[in-house]
Amino acid sequence: MTARTDTTFSVHPDRRLIRPTAHSQRFVLARIAAPRATTERVRPPVNLAIVLDRSGSMSGEKIRVAKVAVEEAIARLRPDDRFSVVAYDDVVDVVIESTPASAEARRGAVERLRTVDARGSTNLGEGWLRGCEQVARHLVERGVNRCLLLTDGLANVGMTDPDQLAGHAAELRARGVSTSTFGVGNDFDERLLQALADAGGGHFYYIADAPQIRDAITSEVGETLEIVARDVDLEITARDDIRIEPISPYPIQARGNRTIVSLGDLGSEQAVEVVLRISFPYGEIGRETGAIVALTDRDGVFGPGGSGGSEPCRLIWAYADDRANDDQPRDADVDRAVGRLFAARARQEAVQRNRNGDYEGARRILDGTARRIRGYAGQDRVLRELIDELREEQVTYAAPMAEPSLKRAHFASANMLRSRDAAGRSVKRS
Amino acid sequence: MPDDERYSLTELADLAGVTPRTVRYYLAQGLLPAVGQMGPGSKYDSGHLARLRLIRRLQAEHLPLAEIRRRLEMLGDDEVRDLVGATEPDPPTDTALEYLRTLGGSFAARADTPQTSRSAPAPSLPSVAERPVAAPMLMRANMSLSEAPVDPGDATVRPSDRSQWERIVLVPDIELHIRRPLARAQNKQVDRLVTIARELLEEDRP
């Protein structure tokens, strides 16, 4: 089975030797790129719900731009797609019941959207679930079923517990309905919206100012229309006593000898990098141990015979004495990817600490990460720059930061961890 | 798991944590199914891996090889995978729409009286991450309490504020946990399960 040239799937260990009497940790970089959607391909239909926050704080430009963005999104749909619009404050209204996206329905939607005005408080949980219900009523088995939630506020009415809402997002995802979230301005809870999107198999977008609402919705709807492989999983088979965990925040499951990392849906030519941390047991010098890494997806795109058919990749490590371990070469690309991800994780942690008033804690997190990266950076220019950045940022994080800076920093790190660009868009293979 | 997953002898041995020699011995003893032509190019599949893991587990319980063979002979590949927890989790048995309906509290009541949502939050359901892999009884008997499985996808029973766990001691050291209340049909099934489990466990005890 030959892989198509436009698909990439490769795995790269940072080092190949492990220590016999220490619990060695090694990192593996997996590079994945989805095949290109061919022009003759009939894209799977999409079934969207768009949920708009119309609480008082959305009044003015935010709600106006949001409505324009929804109109533009609907205009891109085909008659075999479906859409619905839900608006919520303390009361939830289905503004447009789920309907096939006929020309007539799309025209009618513009009229109905005009009736949406900002008022009241924020029943985010119920608004979102009503959107999911609109999608669920007409679930398209072969399509992409997704609820887009746009809000500028906190969930302060109804179901408000972030863990509970994220739990529902995961359950709905398991039943075919995914969720993406858009947070506008300073007052939404990015942890809640990030958790909903992560558990819901979709994406989170931070929108600093109202005019950017259109860009964010446009790119999310565009990605939804371009999906070529749904529910992509990275499967790692290894011995029971080898522990495997992703550094990137993807959901993970263990089944017997297999560890499964769920990457979500991938769009045409979308590139994703996943870093895994592998922890080894003790072993005798000379013995080899390995892991097999495979890609699967619901549509069989990455399976044998699929358009992105990819063979499983095999990794081998060997137990060797400390001297050999100390002298072994390192893969600089893997070290850089590992450094970037740990820096992103440290920044996210520092954001939370800074917001909670723990400025010294925020500084220490960044300092500790910079020191750890220095431990393996050697003369690598990229890693040295990263260390310098972390050092400079310590000053910023050691004093109170404004909410937009915190939101921006969280979003930048969140995107880095999920192979997305600064605006939250997926990245195409180069 | 791709069905075409193929391991070399060395890979298979490494993944199962045994030596290649042990694998050859088990093949010769008939504990593992033969793979056509034996040789350096032989390829083994995930069924072999699951069997090897089960053999190791049974050995850890100090079962003699003959007894292990007797048990393995009675099991198909899927059952072996079940026993070592290598199966796919059961897909949810309800649809997204049915799931949303079960949220009860705020969401079920919302159509006519949205205000009720403020005082009646929906019960929390276990997240997917907590969902245990479905496994047959023999496996459950081998698992620690923290892994005691429940199937939250069963449409006839919903976790609610009133539900509670019942512990049934099958034999010393092995318990069955059941979330009550159950439908009548399930109660009968549980009774049968307990009877069968006790018979099985008693006969296998040293």
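**Note on the predicted two-chain model**

1. Ser419(A) counts as partly exposed, because it has 18 C-beta neighbours inside 10 Å. The cut-offs are these: 20 or more other C-beta atoms within 10 Å of a residue's own make it buried, 12 or fewer make it exposed, and anything in between is partly exposed, with C-beta atoms placed from the backbone. Ser419(A) sits in the loop between helix 11 (403-417) and strand 17 (427-428) of chain A. Its phi is positive, about 55 degrees, although it is not a glycine. Most residues other than glycine have a negative phi.

2. Conventions next. Residues are numbered from 1 along each chain as its sequence is written, with chains lettered from A and ligands numbered from 1 in the order in which they are written. The model is predicted, so local features need pLDDT of at least 70 and side-chain atom pairs count only at pLDDT 80 or more, while totals for chains, interfaces and linings use all residues. Helices (H or I, at least four residues) and strands (E, at least two) are DSSP runs numbered from the N terminus. The model scores ipTM 0.80 and pTM 0.75.

3. His62(B) is another residue to check. Its phi is near 65 degrees, a positive value in a residue other than glycine. The residue lies in the loop between helix 3 (46-60) and helix 4 (65-73) of chain B. His62(B) counts as exposed because it has 8 C-beta neighbours inside 10 Å.

4. Now a sheet in chain A. Six strands form an open sheet in the order 6-5-4-7-8-9, with mixed pairing. Strand 6 (92-100) and strand 9 (201-207) of chain A are the edges; each has a single partner strand, so one side of each lacks a neighbour in the sheet. From one strand to the next the twist averages 10 degrees. Strands count as paired if DSSP finds at least two bridges between them.

5. Which way do strand 5 and strand 6 of chain A run? They are antiparallel, joined by six bridges. Ala87(A) has Asp93(A), in strand 6 of chain A, as its bridge partner.

6. Strand 4 (46-53) of chain A pairs in parallel with strand 7 (144-151) of chain A. Seven bridges join these two, and Val46(A) is bridged to Val144(A). Strand 4 of chain A also pairs with strand 5 of chain A, parallel again, over seven bridges. There Ala49(A) stands opposite Ser84(A).

7. Why is strand 4 of chain A described as largely enclosed? Eight of its eight residues are buried, so the rest of the structure largely encloses it. Both faces are covered: Val46(A), Leu48(A), Ile50(A) and Leu52(A) are buried on one side, and Asn47(A), Ala49(A), Val51(A) and Asp53(A) on the other. In a regular strand the side chains alternate between the two faces of the sheet.

8. Helix 5 (residues 190-199) of chain A lies across strand 8 (178-184) and strand 9 of chain A, at about 160 degrees to strand 8. Helix 6 (residues 212-226) of chain A touches strand 4, strand 7, strand 8 and strand 9, and makes about 165 degrees with strand 9. Axes are lines fitted to C-alpha atoms, for helices over the stretch in contact, and angles run from 0 to 180 degrees between N-to-C directions. A contact means C-beta atoms, placed from the backbone, within 7 Å.

9. The largest nonpolar core has 150 residues; Val51(A), Cys132(A) and Leu148(A) touch the most other members. A core is a set of buried Ala, Val, Leu, Ile, Met, Phe, Trp, Tyr and Cys residues joined through C-beta atoms within 7 Å. Helix 8 (residues 332-355) of chain A gives the largest share, 10 residues. Not counting residues up to four places away in sequence, the contacts of Leu148(A) include Val51(A), Phe182(A) and Ile217(A).

10. Chain B calls for a confidence check. Its pLDDT (the predictor's confidence in each residue, from 0 to 100) averages 68, and 62% of the residues score at least 70. Where pLDDT is low, the predicted coordinates should not be read in detail.

11. Chain B comes to nine helices and two strands. Of its 206 residues, 23% count as buried.

Notes: Two residues are in contact if their C-beta atoms, placed from the backbone, lie within 7 Å.
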